[in-house]
Amino acid sequence: MFRILVFIFISSIVYASTPTKIEGWSGNFDLGLNFTKNIESTLQFNNIFLLNYNKNASHFIINNNIAFISKTGEKELLNKGTQDFKYAFRKKKIDANFTFQHFYDISRLVKNRFTSGLGLSYRLYDIESKKLALGLSALREKEIHIEGEYKLQNRLSGNLDFMLKLNKNISISTTNNYQPNIETAGDFRWKTNLDFRIHLSSQFLLSLAATYNYDSVPAENLPESDYQLINSVSYTF
């Protein structure tokens with residue numbers, strides 16, 4: 001009964017996280033319900049808060065994404081989340097950026113992962129109806145296992161981002177991220193997000209999103225891949 005009430009409540013409020021070019025402050029606040037299929041099925045309650053500040057060529061983005069996970073047949077809640085900070089300096093079609101991320105995922109045995117990065121991205125298309133960008137970054141990671149062990153890694157990160165607006169109310173976007181370990185052949189991560197959005201008004205957005213994650217070297221006894229499906233409505237400001 002509790003899950004049914006949560007589903008009805010969340011299906012009427014939930015998600016979005018697209019940066020804007022408007023000068024000054026902007027952002028969105030979301031609540032969401034995720035379904036994840038990994039070793040077993042799980043329900044996830046999400047809270048996302050995105051804040052942008054744009055001034056001339058400087059762009060700041062702060063993002064907080066947390067989830068509480070209820071695994072089928074278990075009473076104990078798991079939790080996962082990311083906190084991101086990004087600064088980008090835009091010059092014509094090229095962005096120079098610095099990023100810092102804190103990540104944790106108890107279900108994948110990651111207590112904390114701290115990542116910093118420097119990179120460049122190039123916007124091939126950047127108009128209202130179509131966007132296409134390529135990016136490359138160098139990353140430094142410190143990952144702490146749930147049992148206390150930690151490791152330091154250097155990775156590259158290549159990404160391809162695309163958005164197509166079908167009409168004034170409907171858009172499709174995808175982000176693809178590939179992160180190979182510089183020092184270990186065959187060790188890489190891949191993440192793809194596909195997002196279908198319907199704009200209900202200037203401030204409310206209905207979204208159906210699918211996310212696929214792949215890690216070629218997962219923690220022991222964990223699968224290499226997992227995915228999420230998210231139905232959401234977002235309030236933007």
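A residue is called buried under 20% relative accessible area, exposed over 50% and partly exposed in between, with a 1.4 Å probe and protein chains only. The model is predicted: local features need pLDDT of at least 70 and side-chain atom pairs pLDDT 80 or more, while totals for chains, interfaces and linings use all residues. Residues are numbered from 1 along each chain as its sequence is written, and side-chain values use heavy atoms, without hydrogens and water.

**Exercise 1. Describe the salt bridge between Lys80 and Asp105.**

Step 1. Recall the general idea: side chains of opposite charge can pair when their charged atoms come close. A salt bridge requires a side-chain nitrogen of Lys or Arg within 4 Å of a carboxyl oxygen of Asp or Glu.

Step 2. Check the distance. The closest N and O atoms of Lys80 and Asp105 are 3.4 Å apart.

Step 3. Locate the partners. Lys80 belongs to strand β4 and Asp105 to strand β5 (residues 94-105), so the pair links distant parts of the chain, 25 residues apart. Strands here are DSSP runs of E with at least two residues, helices are runs of H or I with at least four, and both are numbered from the N terminus.

Step 4. Classify the surroundings. Lys80 is buried because its relative accessible area is 16%; Asp105, at 3%, is buried as well.

**Exercise 2. Where does Thr82 lie, and which residues does it touch?**

Step 1. Thr82 is found in strand β4, which covers residues 77-91. With a relative accessible area of 16%, Thr82 is buried.

Step 2. A contact means heavy atoms within 4.5 Å. Leaving aside residues up to four places away in sequence, Thr82 touches Asn63, Asn64, Asn65, Gln101, His102 and Phe103.

Step 3. Compare sequence with space. Tyr104 is 22 residues from Thr82 in sequence, and the C-alpha atoms of the two are 6.6 Å apart.

**Exercise 3. How is the aromatic pair of Trp25 and Tyr53 arranged?**

Step 1. Rings of Phe, Tyr and Trp (its six-membered ring) pair if their centres lie within 6.5 Å; planes under 30 degrees apart are stacked, over 60 edge-to-face, and the rest tilted. The structure holds 8 aromatic pairs.

Step 2. The rings of Trp25 and Tyr53 are 4.7 Å apart, centre to centre, with 45 degrees between the planes, and the pair is tilted.

Step 3. Trp25 lies in strand β1 (residues 24-37) and Tyr53 in strand β2 (residues 41-55), so the pair ties together parts 28 residues apart in sequence.

Step 4. Trp25 is exposed at 58% relative accessible area, whereas Tyr53 is partly exposed at 25%. Tyr53 also pairs with Phe60: the ring centres are 6.4 Å apart and the planes stand at 40 degrees, so this pair is tilted.

Step 5. One aromatic cluster is formed by Trp25, Tyr53, Phe60, Phe85 and Tyr87.

**Exercise 4. Which parts of the chain are linked by the salt bridge of Arg189 and Glu143?**

Step 1. The side chains of Arg189 and Glu143 meet in a salt bridge at 3.6 Å, N to O.

Step 2. Arg189 is in strand β10 (residues 188-199) and Glu143 in strand β7 (residues 130-145), 46 residues apart. Both Arg189 and Glu143 are buried.

Step 3. Arg189 and Glu143 belong to a network of salt bridges that also links Arg113, Glu141, Lys151, Arg155, Asp187 and Asp215. A search of the whole structure finds 15 salt bridges.
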